[in-house]
Amino acid sequence: MFSSVLVSEKALGDELSKQKVTPSQYDFGGVGLIQMPTGRMAAEGEFSVNATFNEDYYHGALSIQLFPWLETTIRYTQVPDVLYSNDPEFSGDTYYTDKGIDVKLRLLEESYWVPETSIGVRDIGGTGLFDSEYIAMTKGFGPFDATIGMGWGYIGNRGNLTDANKSSSVDCNRNTGYKGKGGNVDFERWFKGCSAVFAGIEYQTPWDPLRIKVEYDGNDYKSDFAALRTGNELKQSSPINYGLLYKVSNWGDFKLSYERGNTWTLGFSLATNFNSLKSNWRDTPKQAIKDKPDIADRKVDLPELNKRLAYDAGYKGAKIYIKNDEVTVVATQTKYRDRKYAHNQAGRILVNQFPSAKTFKIIENTAHLPTTETDIDAQKFKDAVQYNYINANIEDSTKVIEPTLPTEKPDWETPDQWNYGFAPKLAQSFGGSENFYLFNLGINGSAGRWLTDNLEVSSSIYINLFDNYDQFKYETPPDGTDLKRVRTLVRQYVSDNPVRVDNLQLTWLDKLSENIYAQAYVGYLEMMFGGVGGEVLYRPMNSEWAFGVDVNYVKQRDPDNLFGFFDQEINFDPDSGRFYRAQTGTFTGHASVYYQPSWFDDVLLKVSYGQYLAEDRGVTVDFSKQFDSGVIVGAFASKTNLSADQFGEGSFTKGFYISIPFDAILPTPVTNRGNLAWQPLTRDGGQKLGRKFELYGGTDARAPWLNKPSTTK
């Protein structure tokens with residue numbers, strides 16, 4: 001009897017120790033309760049879009065779990081009772097908008113005795129509206145998740161660990177201002193000011209979609225921005241907040257909470273996981289290996305072979321060389337990010353067409369630059385395809401080496417022709433003073449033709465369909481800055497010119513030696529600039545490192561003249577009645593280092609130093625992480641020799657981007673990607689030239705990043 005009691009108690013203890021409450025988002029974005037964060041982390045790759053609304057604040061946030069131990073959040077908050085600026089002709093009725101970036105690091109994973117413990121910083125580099133630091137510990141007990149934590153700043157303004165009366169100030173003398181023009185990281189005030197304990201419980205009810213949250217708030221809201229700015233106190237009738245969360249499915253939930261004892265808040269979250277994102281392909285059927293191949297000396301239909309290589313295996317624009325028992329194909333891969341699928345399809349086609357061949361060579365190129373050579377042993381390939389041995393694998397028959405182009409004339413060469421295409425184009429920015437969301441949507445038509453194997457002429461024309469850049473008034477701002485308007489003239493290029501020539505250039509590309517690639521170009525290089533330039537890249541095969549240099553001399557294009565440039569540096573804007581400076585000629589370029597560390601999987605670090613379009617000099621750091629599906633999430637920042645006052649609002653250039661492989665969301669394999677970029681403000685400092693072709697991306701096959709094999713397929 002005694003033994004059975006012990007067993008029952010142990011079983012109960014084991015049951016209570018199992019986590020049953022999956023992480024959910026809180027009001028500010030990121031894993032938490034209602035107003036308070038927790039020690040929990042979401043699953044790696046979890047991407048959430050969150051929004052909450054009450055009478056005091058509108059919060060919108062994007063949260064991404066970059067690593068199992070790192071959560072990052074970008075948030076915008078609008079204050080309904082406060083306008084963006086005191087100048088109604090500049091910002092109109094746009095609400096005051098605050099941008100914040102949050103980071104949370106996991107210190108300890110949950111175990112039987114140890115709670116999951118995390119440390120976080122809210123509102124890094126913002127204007128200090130919600131800036132906080134905290135340590136939170138969360139432990140699961142069956143359907144309950146219990147959290148206790150300590151917060152500083154906004155989260156800790158109750159001050160129950162500092163000064164219960166807070167007689168000196170409502171924020172315990174914490175410096176709540178911000179450096180420069182905002183956007184800088186104020187380390188000096190971290191873990192200072194008021195501090196308070198907060199706590200809460202999340203309960204998973206027996207009805208799976210419904211959860212209940214209760215928390216003790218660490219903030220008393222007496223120093224809240226909305227209260228101080230409007231003079232209307234954010235009264236807190238109770239420090240206890242209550243919330244309900246209804247989970248629709250794995251992709252979203254709705255939430256309703258009663259906060260401060262007097263305020264209702266409504267919100268929702270949408271989520272997906274970039275690690276598990278995948279599509280069910282309907283791919284071209286693979287050719288079966290013929291048991292009785294045709295006679296070896298039969299004439300091969302080379303046009304049909306070229307067609308099959310292009311449509312089945314994705315190798316387009318092929319040159320085919322037939323020499324004794326060896327067949328070489330030189331082509332561009334346009335279908336499969338993971339080359340093993342391409343090698344499988346191409347190998348089957350070639351084995352059936354050339355049954356007596358011993359070796360097949362596939363030399364992959366991009367823009368006629370040879371990047372890799374894959375040698376396929378015909379007999380090993382047939383053994384692998386026909387499963388003639390245990391654990392047969394196509395890759396057993398392939399070897400990727402440095403490419404060596406044939407010197408003889410090809411037996412087949414795809415005829416030269418114009419290549420062209422049409423694609424939608426969306427440009428956007430968030431958090432502006434004139435309008436929270438500025439965008440332009442149009443159609444981009446491009447065309448190009450190779451004049452020789454190394455020389456291409458190309459062009460693109462943009463047709464603007466919809467935009468609201470007529471509201472963008474920053475082109476000649478009264479903010480004290482005096483930079484050349486290399487980007488803030490965007491309205492004149494977008495709204496005032498519904499049809500424009502974005503690009504018209506002549507480009508030369510070549511591989512100079514085994515590891516060195518080069519290009520040179522001249523023409524209208526992008527929407528705002530034209531000129532001449534070149535790039536050299538050193539990129540060894542399968543190396544973690546690559547090094548590049550680009551140098552350009554450019555002038556700013558005149559938005560009122562389709563093919564003209566600014567002749568005068570000082571120009572007058574009749575709309576604002578102010579003068580502004582344009583870029584009439586400068587050198588711009590950067591020395592860049594690229595690093596894919598083997599010790600830090602799925603990460604690319606790019607660091608560049610050089611001169612930017614406004615003639616400021618400095619460093620750009622770009623860090624990106626790739627998930628199992630091939631989705632890439634990255635962030636960048638450019639810090640130049642401009643002071644915060646010279647740069648203007650934001651203090652320095654920064655932003656983030658998401659690159660989504662189309663084959664993760666479409667039912668067919670393809671190497672194309674869609675890119676979503678976010679930059680909080682359009683400013684002139686730290687701006688690079690938008691070049692059509694960059695050698696690092698063009699030589700990706702040498703150490704795949706954009707076309708890194710997906711682990712979800």
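In the predicted model, the charged end of Lys-425 is placed over the ring of Tyr-462, at 5.7 Å from the ring centre.

Contacts between aromatic rings were examined next. A pair of aromatic rings is described by the distance of the centres and the angle of the planes. The count of aromatic pairs comes to 30. Among them is the pair of Tyr-76 and Trp-678, which is edge-to-face, with 6.1 Å from centre to centre and 70° between the planes. Tyr-76 belongs to strand β3 (residues 70-83) and Trp-678 to strand β33 (residues 673-678), so the pair ties together parts that are 602 residues apart in sequence. Tyr-76 and Trp-678 are both buried. Elsewhere, ring pairs join Tyr-26, Phe-28, Tyr-57, Phe-130, Tyr-154 and Tyr-221 into a cluster.

Phe-191, a residue other than glycine, has a positive phi near 60°. Phe-191 is located in the loop that runs between β7 (144-153) and β8 (195-204), and its relative accessibility of 34% classes it as partly exposed. Tyr-387, which is likewise not a glycine, has a positive phi of about 50°. The loop between α6 (378-385) and β17 (398-401) contains Tyr-387, and this residue is exposed, its relative accessible area being 63%.

Strand β17 also takes part in a sheet. Strands of a sheet pair through backbone hydrogen bonds, either parallel or antiparallel. Here, 6 strands form an open sheet of mixed pairing, in the order β17-β16-β15-β14-β13-β18. Strands β17 and β18 (412-413) stand at the edges and have a single partner strand each, so one side of each is left without a neighbour in the sheet. The pairing of β16 (residues 369-377) with β17 is antiparallel and extends over 4 bridges; within it, Thr-374 has Val-400 of β17 as its bridge partner. Helix α5 (residues 339-353) packs on this sheet and touches β13 (315-323), β14 (326-333), β15 (359-366), β16 and β17. The direction of α5 makes about 135° with that of β15. Helix α6, in turn, lies across β15 and β16 and runs at about 70° to β16.

Technical notes:
Residues numbered from 1 in each chain as written. Predicted model: local features only at pLDDT ≥ 70, side-chain atom pairs only at ≥ 80, totals over all residues. Heavy atoms only, no water. Phe/Tyr/Trp six-rings, centres within 6.5 Å; stacked < 30°, edge-to-face > 60°. Helix = DSSP H or I, 4+ residues; strand = E, 2+ residues; numbered from the N terminus. Buried < 20%, exposed > 50% of the residue type's maximum accessible area, 1.4 Å probe, protein only. Lys NZ or Arg CZ within 6 Å of the ring centre and 35° of its normal. Pairing = 2+ DSSP bridges. Contact = heavy atoms within 4.5 Å. Axes fitted to C-alpha atoms, helices over the stretch in contact; angles between N-to-C directions.
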